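Subject: Structure handover

Hello,

The structure is below for your files. My notes on what was found in it follow.

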Protein chains: 2
Amino acid sequence: MNGHPLHRLRVLFLSALFLLGGCATMQPDPLPSWSDGPARQAIVNFVRQTTDSASPQFVPPGQRIATFDQDGTLWVEQPLYTQVLFALERVRDVVRAQPALANEEPFKTVVAGDRAAMAKFTERDLFKIVAASESGLSVDAFAQVVKSWLATAKHPKFQRPYTELVYAPMVEAMKYLRANGYRTYIVTGGTQQFVRAFAEEVYGVPPEQVVGTMFKINYEARDGKPALVTAPEIFFVNDKGGKPVGINMVIGRRPQAAFGNSDGDQQMLEWATGADGARLAMIVLHDDATREFAYGPAAGQPDSKVGTFSQALYDEAAKKGWTVISMKRDWKRVFAFEP
Amino acid sequence: MNGHPLHRLRVLFLSALFLLGGCATMQPDPLPSWSDGPARQAIVNFVRQTTDSASPQFVPPGQRIATFDQDGTLWVEQPLYTQVLFALERVRDVVRAQPALANEEPFKTVVAGDRAAMAKFTERDLFKIVAASESGLSVDAFAQVVKSWLATAKHPKFQRPYTELVYAPMVEAMKYLRANGYRTYIVTGGTQQFVRAFAEEVYGVPPEQVVGTMFKINYEARDGKPALVTAPEIFFVNDKGGKPVGINMVIGRRPQAAFGNSDGDQQMLEWATGADGARLAMIVLHDDATREFAYGPAAGQPDSKVGTFSQALYDEAAKKGWTVISMKRDWKRVFAFEP
């Protein structure tokens, strides 16, 4: 019966199935930048528990939501948040468009290039500078400004574009989660419009999956056409207790997994883990002065200017079984450009 | 060569392709509740133009967004918005939980059942009643209250559950768009939390695709657990110029298609059609007193209490080529329960 066409067809089918099965077991490691250890294992276990339909902790695909803080969790946040560096570099353009600001603080100090005075800027000063960088522009025009800046600006320490300073292991974790039916959201204290300008290209996260701080936006006519124009007025602060609120506003579901690195993420981690079923909460600890930076509790500086990670958060993480990711120990490489 | 296995395989493949092709042409009409006419044709043309990869107006799947107003566009809004009827029926429960309100207007009038006084309620009175129905509850608890109410409440004219009073042709249009790669969003003047409680079951629209009016929500402890609790304070009004702003907040993309029925939708329709490429804007005209209601311009009442559809909107629709859907003429049936 060997020559019978039906038999041949069956052999072809079985061979195809075998090849497909073989491919599956030969799939490359989805997390090559992670060292073997509890952090890597926590991610893999979580995905297995929640995606195996035979598991009691199975989560239906539509409910698979993972949220990621950005600054210090997905990319470098030292010496200052990238959006603040962007806004500082934009001050000259802002003053050119609104000359009255040249005599107003904190703009006057920036234009004068007085670095000693700039180092003493308060949060309020920096907020004014960030607001001025975005307000008065349409949402579309602002996105173009951000893209242009990112195309040429370089990080003071690494001398590379900021978009290359994303953490390779975290991008792998996002892709791995997405390959397993999770939707990955960025939930940032930075502004929603700033992060939307590059999140799709850099992280594969589309605009509808970016939750952030929001200025008031008005619908108005600009050059005779309707436009969404940003006002210099804060509308929503997506930080600390604001993060679960922002998640509700844009997603309307409680995440199954959340990734953060600072006190500003504590409530998001609490919210993600505060319900039944398999839950994953991870905190990036910056303890690698050689490859990135060492700050926060790793350097005995719980109150650093950015990315505050207090002892209280550390204690809560230990109590609740959240996983602390040691950059030094858990990441084989930090950036994709490393050899 | 007829008996050669490769030839046989080719014949099998071609047969399979033919069968698949045959199935495609035998697919049932996706819009059976729509009469042949310009409204139906506008939808079909729009889908063809934007999903055929050879078309100059092709839209990549990720950018396929269609937004729908709810009240008067997806379901009945007369004699009052369903959410207002819900809130009025909830007043007794609200007063039981907060007895101090029993002596406060407009609650006193509702508890007394003074229908003549209730008929004179201002928008401000109704807003207070809607706010009281939602505030003080966690987001999860409120969803349960809405679900319970919808399970038993009946519409005064139709004597059927409100969830049966959705327009069958619009549900078909949503499904047809989704089958062609569009994501369908509800963009409502009602509250986001109210509509999220039933949108997935009734329209197949998940919580992350509901944009609505928002009360302030606080992240706080409730019974020792973190909860999102609604405050009696308005945070965002998703109506008129607020609709494009709400769309930006939750979606971050300009829709390719928008469906509305009143002046409150005008800016959303403008926004959706205010860019290049194939665009679809449709307005439901309530001109069917027999099967539903006749109001607005169809009844010479441009300023009816709900669903205002002014002559100005009518004129703009004509000028911009937006399609007016005549319930009477364009819909073979209005509700799924019709024979």
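**Interface of chains A and B**

By the rule used, four salt bridges cross the interface of chain B and chain A; a salt bridge is a side-chain nitrogen of Lys or Arg within 4 Å of a carboxyl oxygen of Asp or Glu. One salt bridge joins the side chains of B:Arg183 and A:Glu208, with 2.4 Å from N to O.

This is a predicted model, in which local features need pLDDT of at least 70 and side-chain atom pairs count only at pLDDT 80 or more, while totals for chains, interfaces and linings use all residues. Residues are numbered from 1 along each chain as its sequence is written, chains are lettered from A and ligands numbered from 1 in the order in which they are written, and side-chain values use heavy atoms, with hydrogens and water left out.

In chain B, 35 residues are in contact with 35 residues of chain A (contact: heavy atoms within 4.5 Å). The two chains bury about 3000 Å² between them, 60% of it on carbon and sulfur atoms; buried area is the accessible area (1.4 Å probe) lost on being put together, summed over both parts. On the chain B side, B:Glu208, B:Tyr219 and B:Asn248 lose the most area to chain A, together 21% of what that side buries.

**A hairpin in chain B**

S3(B) and S4(B) run antiparallel and are joined by eight bridges (strands are DSSP E runs of at least two residues, numbered from the N terminus; two strands pair if DSSP finds at least two bridges between them). They form a hairpin with two residues between them, and B:Asp223 in the turn has a positive phi of about 50°. B:Arg222 has B:Lys225 in S4(B) as its bridge partner.

Regards

Technical notes:
Helix = DSSP H or I, 4+ residues; strand = E, 2+ residues; numbered from the N terminus.
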